[in-house]
Each structure stands twice: as C-alpha cells, then as structure tokens.
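Hi,

Here is the structure I promised to pass on to you. Have a look at it first, and then read on for what turned up.

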Protein chains: 4
Amino acid sequence: MGARHALHFLNRTPRAELVAAFTPEPSEVAWAKIHLEPSGVTIYTDYDEMLRHPGLEAVVVATVTTVHAEQAIKAIQANKHVLCEKPLSTSVEVSQSVVDASKTKPHLKVMCGFSRRFDASYRDAFDRMDSGAIGRPSVFRSQTCDKLDPSGFFVEYAQFSGGIFVDCNIHDIDLALWYFGQDSIVKSVVAMGITAVQPELRKYKDVDNGVGIVEFWGGKLAYFYSSRMMAAGQHDMTEIIGTEGKLSINANPIGTLVEMSEPSGIRREIPPHYYGRFEQAFVTEANEFTAACLDDLKLPFKLTGAVQAVKIGCALQESLNSGKEIYFDETGRRLEKAAL
Amino acid sequence: MGARHALHFLNRTPRAELVAAFTPEPSEVAWAKIHLEPSGVTIYTDYDEMLRHPGLEAVVVATVTTVHAEQAIKAIQANKHVLCEKPLSTSVEVSQSVVDASKTKPHLKVMCGFSRRFDASYRDAFDRMDSGAIGRPSVFRSQTCDKLDPSGFFVEYAQFSGGIFVDCNIHDIDLALWYFGQDSIVKSVVAMGITAVQPELRKYKDVDNGVGIVEFWGGKLAYFYSSRMMAAGQHDMTEIIGTEGKLSINANPIGTLVEMSEPSGIRREIPPHYYGRFEQAFVTEANEFTAACLDDLKLPFKLTGAVQAVKIGCALQESLNSGKEIYFDETGRRLEKAAL
Amino acid sequence: MGARHALHFLNRTPRAELVAAFTPEPSEVAWAKIHLEPSGVTIYTDYDEMLRHPGLEAVVVATVTTVHAEQAIKAIQANKHVLCEKPLSTSVEVSQSVVDASKTKPHLKVMCGFSRRFDASYRDAFDRMDSGAIGRPSVFRSQTCDKLDPSGFFVEYAQFSGGIFVDCNIHDIDLALWYFGQDSIVKSVVAMGITAVQPELRKYKDVDNGVGIVEFWGGKLAYFYSSRMMAAGQHDMTEIIGTEGKLSINANPIGTLVEMSEPSGIRREIPPHYYGRFEQAFVTEANEFTAACLDDLKLPFKLTGAVQAVKIGCALQESLNSGKEIYFDETGRRLEKAAL
Amino acid sequence: MGARHALHFLNRTPRAELVAAFTPEPSEVAWAKIHLEPSGVTIYTDYDEMLRHPGLEAVVVATVTTVHAEQAIKAIQANKHVLCEKPLSTSVEVSQSVVDASKTKPHLKVMCGFSRRFDASYRDAFDRMDSGAIGRPSVFRSQTCDKLDPSGFFVEYAQFSGGIFVDCNIHDIDLALWYFGQDSIVKSVVAMGITAVQPELRKYKDVDNGVGIVEFWGGKLAYFYSSRMMAAGQHDMTEIIGTEGKLSINANPIGTLVEMSEPSGIRREIPPHYYGRFEQAFVTEANEFTAACLDDLKLPFKLTGAVQAVKIGCALQESLNSGKEIYFDETGRRLEKAAL
C-alpha cells in the first residue's frame with residue numbers, strides 16, 4: 001500500500017509533490033529506486049532521517065500497523081501533516097495517543113486513512129441518507145470479505161493485525177459511525193466466529209469468518225461480517241436501512257462492465273483485492289488530503305472517530321474470544337456484567 | 001408442445017376436461033397411452049375421427065405448422081372452438097383462410113397461440129405502457145434467440161418452418177403489433193442475415209442469425225433479432241422505448257434465483273429452452289382460452305393479427321433473400337419499388 | 001393463508017380432492033361459501049365436526065399459531081395425515097407434543113409447512129451445495145424482511161406470534177438446519193434488536209428489527225436478520241458460504257421481468273408479500289404432500305426439525321430480551337452460564 | 001470536450017505538459033483564464049498562432065466537427081503529433097485528406113479519438129474475444145443512446161453533425177471494425193429512422209431514433225441503434241455474439257454502486273452524459289497518446305479505420321434518407337443497384 005500511495009501522490013495528485021519515501025525493506029527500496037527515484041524522489045531507510053528532508057510538509061504513514069502510531073506521532077512532533085493508514089493501532093490507548101499528539105498541534109492536518117470515506121458510492125449513499133431519502137437510519141449491515149488466500153499469509157499476518165474485527169471490520173465500523181453519526185455511543189457488542197479454512201488462526205485468537213453485532217444508544221443496530229475465504233474475489237458491501245427505505249452499496253460487485261454468456265451460463269468477474277474496488281477512492285483521498293493541507297481546509301472527518309472504531313473492533317474481538325456480550329453506559333464507558 | 005398442452009389442460013386447467021388427443025406419430029401415441037389414457041383420455045391417430053369424439057367442444061392444434069390451418073379449419077367446420085399454435089401457416093393466404101373460416105362461425109372462439117400475450121411480464125409492461133408510463137411508444141426491439149443445437153435439427157426444420165423470421169420472430173412481430181396497436185400498418189421492411197454455424201440452412205433460403213427492421217405508418221420503428229446459436233440458453237427479450245421512458249422485459253434472463261460465486265466469478269444459469277421461460281404463460285393461456293369458451297368471453301386479441309404477423313414475417317424473409325427493402329402503402333398494400 | 005391452501009388443493013393439486021373446510025370466522029365462512037362451496041366443498045365452523053367428514057384422509061392446519069398443535073394432534077388422533085403451518089407452536093414443549101403424537105401413528109404423514117423447502121431456487125441451491133459446488137458449507141446468512149405495515153397489525157400480532165425470531169426467522173433457522181444438516185447441534189445463540197418504527201412492540205417483548213447469531217457444534221456459523229420495515233416489499237434472501245464458493249438465493253428480488261427506465265433512473269418493483277415470492281412453492285408443497293399421502297412416500301424432511309427450529313427461535317428471542325448469550329452442550333442441552 | 005481534454009492533459013497525464021490552449025469563443029477563453037492560465041497555459045484565439053507556440057509537440061483537436069480536418073492537417077504540416085476528436089469529418093473525402101496528410105509525415109503520431117478504444121470494459125471484452133472465448137465473432141450489436149434534451153440543442157446541432165449515424169453510431173461502427181477486424185470490408189448497408197420527439201430534425205435530413213444494419217464480407221453482421229430520447233440517462237451498450245458465446249458491455253448501466261429501495265421499488269441512477277460513462281477512458285487516451293508521442297510507440301489503432309467508419313456512417317445516413325439498401329463489392333467499392 002505504501003507503494004500505491006507513493007504513486008498516487010507522484011502521478012495522480014497534481015497539487016502534491018512527492019519528495020521522499022521511506023522503507024526499511026531492501027526489496028521495497030529496490031522498487032522505489034526504479035519507480036520513484038527517477039522522478040526526483042529521495043529514498044530513505046531511516047524514518048527519522050526522512051522526517052528531516054528539506055521542505056517536507058506532510059507524511060503518509062503506510063507501514064505495518066505496529067508502528068503506525070509511533071511514526072505518526074514523530075511526524076506530528078516534527079510539524080508535518082499526517083495521513084496515517086488505518087488502524088492507528090490495534091490498541092485503544094495507543095490510538096488515543098495519536099489523537100493526543102495531534103491536539104498539541106492544532107494547525108496540523110492529521111487524518112486516519114479510512115479510504116471508503118472517499119469512495120464515490122459511499123458518498124453518494126451518505127448524501128442520499130443525509131437528505132432524508134430513507135427516513136431515520138436504523139440498521140446498518142456491512143461486510144469486508146477477502147478472497148481466499150491459501151498461502152497461509154493471513155495466519156502470519158494475524159499475529160499483528162489485531163484480529164479480523166480490528167483488521168477487516170474496522171472499515172465497516174468506521175462506516176457505521178459515519179452513517180449513524182460520529183458521536184454515536186456504543187451500547188453493547190457481541191461476536192462469534194469460526195475457522196473454516198485456517199484453523200491455525202486460533203493460536204493468535206483469530207478466526208477466518210466472524211460475525212458481530214453492535215447496538216448503539218438511541219436505538220441503532222449494526223452488524224458486521226468479515227471473511228478470509230471468498231472464492232470469487234473481494235466483496236465488500238454495505239446496507240443502510242432506514243424507517244422509509246434502504247440504501248445498498250456494492251450489493252452486486254463488478255469488475256469491468258463485461259458480462260460473458262457461455263455454455264455454463266452468464267458470468268462476470270470481480271476484483272480479487274480491495275485495490276480493484278477502491279483505487280479511485282485512494283486517489284481522491286490523496287487529493288483531498290493535499291488540498292486540506294495546502295488550503296487549511298477542514299478534514300472530512302475527525303481523528304477521534306478512529307479511536308472509537310478501534311475501541312469497537314477490539315470489543316468485538318474480545319467478545320469473540322470470551323463468548324460474552326460487552327456493555328457500555330450512555331457515555332460509552334464499559335460496564336461490567338455485574339453492573340447490569 | 002402437443003404433449004405439454006395436453007398436460008396443461010389435463011392437470012392445470014381446472015375448468016377444462018381433456019377428453020381426447022390425436023397424433024399420427026407412434027412414439028407420441030405410446031407416450032399418450034402412459035400419460036393421458038389412464039386419466040380417461042381417448043387417443044386417436046385419425047384427426048377427423050377425433051373431431052367426432054362425443055361431447056368435444058374445443059380443439060388445440062399443436063401439430064406441425066404445415067397442417068395447422070387445415071386442421072383448424074376442419075375443427076371450425078365441426079363447430080369446435082380452436083386454439084391454434086403459431087403460426088397459422090407460413091403463407092399469408094393460407095393464414096387468411098383460417099380467419100375466413102372463423103368468420104363463418106362467429107359464435108366460436110378461434111385464437112392463435114401467441115403465448116407471450118399471456119406472460120405476466122409482458123402484460124405488466126403493456127399495462128404500464130398503456131397507462132402512459134413511457135409517453136408515446138416509438139421504438140420496439142425484440143429478439144428470439146435459441147440455444148445452439150449442434151444436432152442439425154434446425155436445418156431439417158427449416159424446410160417447413162417458413163424461415164427464421166416467420167418461425168422465431170413471429171412472436172416479436174406479434175408483440176410489436178400488440179404494443180404499437182393491433183391496427184398498426186406496416187410501411188417498409190428490410191432484413192439481413194448470416195449463417196454462422198449452419199451453412200446448410202442456405203439451401204432452404206434461411207439463416208441462423210437474422211436482423212430485420214420494420215417501419216410502421218405513423219412514425220413507429222421496430223427491429224428484430226433472431227438467432228439459433230446462443231451459448232447460455234434461450235434469451236428472448238424485448239424493449240419498448242417511448243418518448244418519456246423505456247420498458248425492458250427479460251433483459252437479464254434468469255433460471256432460478258440462485259447465483260453462484262466461484263473462483264471464476266459470479267454466475268447464473270438460464271433456461272435452455274422457451275418452455276423454461278414461458279411455462280406459466282402456456283398454463284394461463286389454457287385457462288383463459290377455456291374461460292372464454294365456457295363463459296363466451298371476448299378473446300384477449302383478434303385472430304386477424306396473426307395474419308398481419310405472418311405477412312410481416314414473410315416480407316422480412318423475402319427481403320433477406322432478395323436484398324431489397326419492401327414497401328407498403330398506408331392501407332398496408334404492397335408497393336412495387338417502381339411505384340415510389 | 002387457509003384460503004390460499006384451500007384453493008391450491010382445489011384447483012392446482014390434480015391428485016387431491018378438497019372436500020371440507022373449517023373456519024370459526026364468519027367473514028371467512030362467507031368467502032368459502034362463494035369460492036369453495038360451489039365446487040362441492042363442505043364448510044364447517046366446528047373443527048371436530050370437520051374431522052368426522054366422511055372419507056376425509058388428510059388435514060391442512062392453517063389457523064392461528066396458538067391452535068396449530070392442538071388441531072394437529074386431534075387430526076393425528078383421528079387418523080388423518082397432517083400438513084401443519086409453521087411454527088407448530090411458539091413453545092418448544094408444545095411443538096414436541098405434536099412430534100410425540102405423530103410417533104404414535106407412524107403410518108401417518110405429518111409435516112410442518114416450511115414452504116421454502118419446496119421452492120425451486122432453494123432446492124437448486126441445496127442440490128448444488130450437496131454436490132460439493134461450494135466445498136464445506138460454513139457460514140449461513142438468511143433474512144426474512146416484511147414490507148412496512150403502518151396499520152399497527154404487527155403490534156397486535158406480536159402478542160401471539162412468539163416474537164420476530166420465532167415468527168419470521170423460523171424459516172431461516174429451518175433453512176440453516178436443512179443446509180447445515182438436519183442433525184446440526186446448536187452451540188450458542190445471541191440476539192439484539194431495536195424498535196425503529198413500532199415502539200409498542202416492546203410491551204410484548206418484541207422488536208421490529210432483530211439480528212441473531214447462532215453457532216453450531218462442528219464449526220458452523222449462521223446469522224439472521226428479520227425486519228418489519230422494508231420500504232420496497234418483501235425481501236427474503238439467503239447466502240450459503242462454503243470453503244470453495246458461495247450460493248446466494250434472491251439477493252436481487254424481482255417481481256415480473258420488467259425493468260423501467262425513467263427520468264429518475266432504472267427501477268423494478270418487487271412483491272409486497274411473501275405470497276408473491278413463494279406462491280409456486282406452496283403449490284409444490286400441496287402436490288408433494290398429496291403424493292406422499294397417496295403413495296406412502298417419505299416426506300422430504302422430518303417433523304423433529306420443526307422442534308429444533310422453534311428451540312433456536314425461542315432462544316434467540318430470549319437472548320434478545322435478557323441481553324445474554326445462551327449456550328448448549330454437544331448434545332444440544334442448554335448450559336447455564338455458570339457452567340462455563 | 002476541449003476543456004475536459006485540457007484538464008486531463010494538465011492534471012491527469014503526468015508525462016504531458018499542457019502549454020497552450022486555443023478557442024475562438026470568448027466564454028471559453030474566460031473559462032481558460034480561470035482554469036488553465038494560472039497553471040502556466042497560454043491561451044490563444046488564433047489557431048495558427050497557437051501552432052507556433054514555442055516547444056509545442058502535440059495538438060489535441062477538439063473543436064467543432066466542421067474544422068477537425070483542417071486543423072488536424074495544419075498541425076501535421078506544422079510537424080505536431082495530433083489527437084483529433086471523432087469524426088475526422090462528416091465527409092469521407094475530407095476524412096481521407098487527413099490520412100493523406102499524415103502519410104506525408106510518417107514520424108508523427110496522428111490518432112482519431114475513438115475514446116471507447118481506451119475503455120477498460122471494451123478492452124476486457126476484446127481480449128476475451130481475441131483469446132477465443134466466444135468462438136468466431138459473427139454478430140455485433142451496439143447502441144449510442146443520449147439522454148433526452150428537450151432544449152432543441154440536437155436540432156441545431158444536426159446541421160453540422162452529419163446525422164445521427166455519423167455523429168452517434170460512429171463510435172459503434174468503429175467498435176465493429178475493431179472487433180470484427182480493422183480490415184473488414186462492408187458488403188451492404190441499410191437504415192431506417194423516425195423523429196419521435198424532434199420532428200424539426202427532418203429539415204436537416206436527420207432523425208432522433210435510427211436503426212441500421214451493416215453486413216460485412218465474410219459472413220459478419222452488425223446492427224446499430226442510436227437515439228436522442230433516453231429518459232434515464234446515457235445508455236451506450238454493445239454485444240459481440242460469437243459461435244460459442246456472447247460478450248456484452250454495459251448491458252446494465254450504472255452510476256455509482258448505490259441501489260435504492262423505496263416504496264416505489266428498487267432503483268439506481270445512471271450517468272446523464274457520455275462523460276459519466278467514459279471519463280476514465282479519456283484519461284487513458286491522453287496518457288497513451290502521450291506515451292506514443294514521447295516513446296515513438298505504435299498507436300493502438302490505425303487512422304485509416306476512421307475513414308472506414310465515416311464511410312459506413314455516411315452510407316447509413318444516405319440509406320435512411322433514400323430508403324434504399326446500399327451495396328459494396330469485395331474491395332469495398334460501392335455498387336450501383338443496377339449492377340446487382
């Protein structure tokens with residue numbers, strides 16, 4: 001994803017200039033020497049050194065999740081605008097520390113890269129909902145379903161990912177907070193899951209198929225599905241169900257607009273990965289973040305939401321493993337069961 | 001189709017009683033002895049004898065096209081109601097003779113079996129159009145596309161079928177007359193075609209893919225496609241384009257409501273033959289024809305339209321072979337080119 | 001639904017003869033006198049009297065849920081085959097009493113009317129799954145979503161319905177048992193819900209939107225959604241997700257095959273009620289039940305499953321109200337939380 | 001379209017530098033002063049002067065059709081690469097003169113802007129066809145259907161557009177030549193049309209709905225529909241039907257991936273104009289044209305095809321007005337009817 005961000009800022013963000021790139025990985029350095037260096041980009045293998053690159057104004061953090069927060073905070077301290085990939089951290093406290101750092105530098109733009117917020121379809125749906133088209137939004141369903149990767153990648157990845165609800169459904173949770181309102185307060189959380197294709201995930205307390213339900217104070221219900229075993233490709237979809245109508249986003253995934261009629265029926269192919277679905281959203285993100293930095297515009301959403309999303313994701317992951325529903329009071333503070 | 005009609009009247013038309021069946025084919029007689037005789041149906045191998053079956057009130061003619069008209073006329077003369085499969089004949093004159101015969105017995109119900117007229121989707125579209133939903137209907141597109149049958153069946157069949165425009169597109173032409181108005185007058189006709197999979201069709205002056213255009217007086221345009229080489233199954237579809245909207249019928253064919261997500265993509269299967277698409281329409285046809293006979297109700301459409309449909313189908317077929325556009329005056333009488 | 005069953009057996013089930021009908025409701029008696037009596041059907045207002053109708057061989061119980069079990073048991077005792085509408089009862093024990101009664105008369109066919117079992121699309125999906133098309137079925141998603149009825153009907157109905165999970169999702173639960181295997185053992189159950197449009201439902205401990213998750217022993221996960229506030233019409237849909245593929249049923253609901261292109265976009269209408277979706281399934285049910293009675297065939301599914309479905313539905317409803325997850329051991333016996 | 005091309009080259013074509021823009025229109029000059037001049041683009045109102053802009057290497061001609069050829073030829077003579085909007089001209093001879101000019105400067109890249117050639121879906125379909133997925137491509141159906149514009153714009157536009165077959169279907173004809181092979185030779189051409197919403201079009205010998213059929217030597221058939229009265233938006237679609245399968249492109253047009261469930265049914269909106277459908281294709285075109293110029297790469301298709309497309313479009317328009325089918329011999333030379 002770092003490489004993709006770099007290319008988006010280099011080639012598809014007219015108002016941005018890509019001046020530096022950092023990676024500790026030799027193979028990535030090699031890639032950058034071919035694809036970035038000829039365009040005048042300086043390649044760094046030391047993050048702190050990169051932060052001292054002359055004239056650097058903004059940093060995109062797209063490293064492994066475990067160092068997101070540390071690198072984001074360093075950039076803030078160095079007075080750079082920051083676009084940090086999601087999640088800020090797999091820990092609520094660490095995520096909060098990024099928010100705290102950003103508050104010390106209110107002139108900086110610090111944004112968590114929830115790419116779906118920049119997707120034309122999600123925005124279209126939001127605008128329709130916001131204009132009252134479906135009455136009061138009440139039920140939210142959203143799924144992040146990855147194509148089956150039989151290589152075992154997801155097992156290794158699970159050590160650091162925070163678990164399927166924090167890694168995959170973090171997007172869906174963020175969307176629920178967007179559509180239900182950024183200040184929605186979680187009331188209770190429960191989750192279940194199975195390991196259908198990768199039983200080794202259990203050693204990292206993770207699953208390959210998970211379902212979670214989240215109730216919010218005020219009579220709003222969200223439910224989420226995440227999976228690592230889709231056959232046809234990536235299928236992320238969302239429904240917002242209101243008292244007077246429903247909006248669905250990507251219920252019928254497509255690749256190109258081609259449909260094949262064959263002896264075995266009528267068929268279409270769909271993108272294998274999230275980038276096939278969200279490429280344009282990433283480009284929009286790059287352009288809007290750039291505009292916010294250059295023109296001192298308000299970011300499209302608040303950084304604090306990213307902490308809420310991690311909090312809910314972590315609660316779902318905990319419920320998955322404890323087999324217990326988790327409750328929160330009307331201020332969002334966790335309740336012990338006994339307190340009920 | 002005869003067997004299907006028999007079963008519809010036997011089992012799925014509560015107000016009708018199937019009392020007799022005729023076929024000259026020994027294999028069909030054998031089938032009827034198993035499926036019809038035990039329910040009290042008398043099997044005949046002589047059509048005239050069947051017409052003398054005691055108490056017989058109505059006859060369904062579903063034999064080969066070449067004897068449709070003769071058998072329909074005999075039934076009319078014997079004072080029976082008649083439901084005759086389409087087309088009445090591949091000849092305009094012979095088709096007209098059925099109409100003439102029916103006029104001598106105005107108390108009889110004589111109907112040409114244009115099954116799509118009884119299809120719920122076509123009726124739904126007609127009602128919407130009729131209520132003004134698309135403004136003034138102006139362009140009509142319709143196709144009848146059969147699944148590829150590599151057995152060579154269609155070549156032998158072409159000797160008697162009247163050609164692809166008379167055999168396949170007769171349905172689409174009838175639909176155009178329904179939607180544009182039964183009294184629409186044809187103005188000009190042109191057609192082209194190719195033999196992509198069955199070159200032997202040329203010996204019977206037929207093609208396996210044909211496209212025709214028909215203009216009607218009053219500024220209405222229809223175009224038709226017929227094919228014998230669909231890979232996925234039968235795909236009959238229709239569009240009615242009006243000055244304020246469009247109605248499409250079966251643009252996306254389906255079999256069941258099941259969709260399969262597989263490594264090769266997302267797939268659905270469709271019916272291989274017309275019966276998979278129109279089964280319920282045939283049952284409705286049987287029930288409505290029965291009700292019309294028993295209660296002396298007006299038939300849903302006039303027999304004369306069947307002659308118009310054959311006239312247009314034959315003109316398309318002629319144009320296909322002559323390479324010439326054919327013209328008609330405002331009364332529908334054919335013009336010679338020189339007359340232009 | 002009683003009237004519909006009566007007409008299906010009268011007109012669309014060739015091997016059955018409808019001889020009697022019972023209802024205590026004067027308005028329904030009036031309807032029956034018009035629609036059934038002229039065809040020779042005797043109308044009863046006393047159920048016991050109807051059971052003594054000469055020659056009666058089978059009974060369809062389609063009264064209110066509260067008397068399903070009692071009437072079914074009486075019919076069994078009177079030596080009649082029974083097709084009983086779902087659910088047998090809103091109580092597990094009462095449901096079980098019907099099973100017990102049926103065991104005393106093993107020669108009788110006693111079936112619970114899970115109509116979706118007779119639906120061509122569900123059967124198609126089952127056959128595909130059963131043939132291995134999607135690998136090992138692992139996750140099951142199913143919803144029963146009714147069109148919004150602002151009349152308040154559902155509030156009154158909730159007094160007797162057993163709640164949304166017992167009334168609506170009973171179908172989905174039965175489907176999960178069908179696809180996962182009739183002998184699947186429930187492991188844990190949890191549910192949440194809201195009242196978005198009908199807050200009065202709370203007085204009957206019910207909701208208008210509910211989400212439940214059910215884990216089965218053996219690593220299988222099902223989740224269900226039910227709603228009483230769909231704007232466009234009835235939308236019941238199901239997904240079966242396997243280790244190698246996914247089957248979806250009715251993901252894109254349709255009414256007729258007509259699509260409208262209008263200034264506001266492209267639109268299709270969908271059936272307002274379940275009968276628009278499942279009419280043909282009910283007819284198939286009538287015919288197959290009749291054949292099973294007449295030819296002493298095995299019924300397509302066991303009556304005991306109907307008790308399992310009620311058990312899971314009731315547990316979901318209880319979890320909705322208690323806010324607690326409910327657990328079962330590997331024999332399906334309920335565990336108290338303390339036992340964990 | 002000129003403004004769009006300018007922005008594509010300015011902002012979305014990293015390897016191109018937009019240095020100059022020309023327009024004789026004061027309102028367009030005003031626009032350019034706001035959107036282009038601040039980025040260092042020089043605005044010209046004299047085309048010849050612009051051609052002398054220092055360092056200018058390539059020109060995009062996107063003026064009115066009537067001056068396409070003249071400006072393209074001037075640019076060629078001035079030794080500039082040329083991307084000329086379609087059609088080169090509404091006259092075959094004038095179109096050919098651009099080809100002739102380009103032949104005098106074989107080092108220049110001269111391309112006609114058939115944007116659909118750069119569309120990912122059309123390319124996907126072509127690659128599938130080219131790999132044999134549908135057997136031998138035999139029938140080609142394609143339509144270009146504009147949203148109804150009640151302002152009368154299309155009437156005035158018809159004076160210069162060359163007619164609906166030259167203006168709209170030129171794209172479809174070019175696609176037919178792409179899919180059937182650039183060297184396909186036209187055999188016969190026929191067209192009909194009506195004026196359903198804009199009868200004034202007749203004074204310019206044009207229609208608002210046209211259907212044409214084109215047969216190619218070698219047993220290939222194409223048919224085209226164009227319309228100016230779509231209610232829902234732009235709907236351009238294409239089918240390629242082969243002996244073993246069919247590919248369809250954009251059979252179901254979409255805007256965003258949002259679907260709305262409302263009391264009136266399920267609805268989606270579609271783009272009102274071609275740019276909503278083909279924006280990305282235009283950007284790809286800009287980038288590939290730039291790469292071809294800078295790296296001396298072969299253009300993706302030959303300029304001569306643009307003349308063939310105009311030739312067929314003009315023949316369709318002539319047939320529409322003469323009511324006569326037009327024939328060509330195996331070298332593509334026009335035959336007089338008498339010669340048949």
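Before the ring counts, one definition: rings of Phe, Tyr and Trp (its six-membered ring) pair if their centres lie within 6.5 Å, and planes over 60 degrees apart count as edge-to-face. Please also keep in mind that this is a predicted model.

With that cut-off, the structure holds 66 aromatic pairs over all chains. One of them joins Phe180(A) and Phe216(A), with 5.7 Å from centre to centre and 80° between the planes. That angle is over 60 degrees, so the pair counts as edge-to-face. It links distant parts of the chain: Phe180(A) belongs to helix H9 (residues 170–180) of chain A and Phe216(A) to strand E8 (residues 209–216) of chain A, 36 residues apart. Are these two residues buried or exposed? Both Phe180(A) and Phe216(A) are buried. They also belong to a cluster linked by ring pairs, together with Phe126(A), Phe140(A), Trp178(A), Tyr179(A) and Phe224(A).

Arg4(B) sits over the face of Tyr275(B), 4.0 Å from the ring centre. Lys220(B) lies over the face of Phe180(B), at 5.8 Å from the ring centre.

Now to the interfaces. The size of an interface is often given as the accessible area lost when the parts come together. For chain A and chain C that buried area is about 3300 Å², with 65% of it on carbon and sulfur atoms. On the chain A side, Met192(A), Ile194(A) and Tyr223(A) lose the most area to chain C, together 20% of what that side buries. The contact involves 40 residues of chain A and 40 residues of chain C. How many salt bridges are there between chain A and chain C? The count is zero.

Chain B and chain D bury about 3300 Å² between them, and carbon and sulfur atoms give 65% of this.

Best wishes

Note on methods. Residues numbered from 1 in each chain as written. Chains lettered and ligands numbered in written order. Predicted model: local features only at pLDDT ≥ 70, side-chain atom pairs only at ≥ 80, totals over all residues. Heavy atoms only, no water. Phe/Tyr/Trp six-rings, centres within 6.5 Å; stacked < 30°, edge-to-face > 60°. Helix = DSSP H or I, 4+ residues; strand = E, 2+ residues; numbered from the N terminus. Buried < 20%, exposed > 50% of the residue type's maximum accessible area, 1.4 Å probe, protein only. Lys NZ or Arg CZ within 6 Å of the ring centre and 35° of its normal. Contact = heavy atoms within 4.5 Å. Buried area = accessible area lost by both parts, 1.4 Å probe. Salt bridge = Lys/Arg side-chain N within 4 Å of Asp/Glu carboxyl O.
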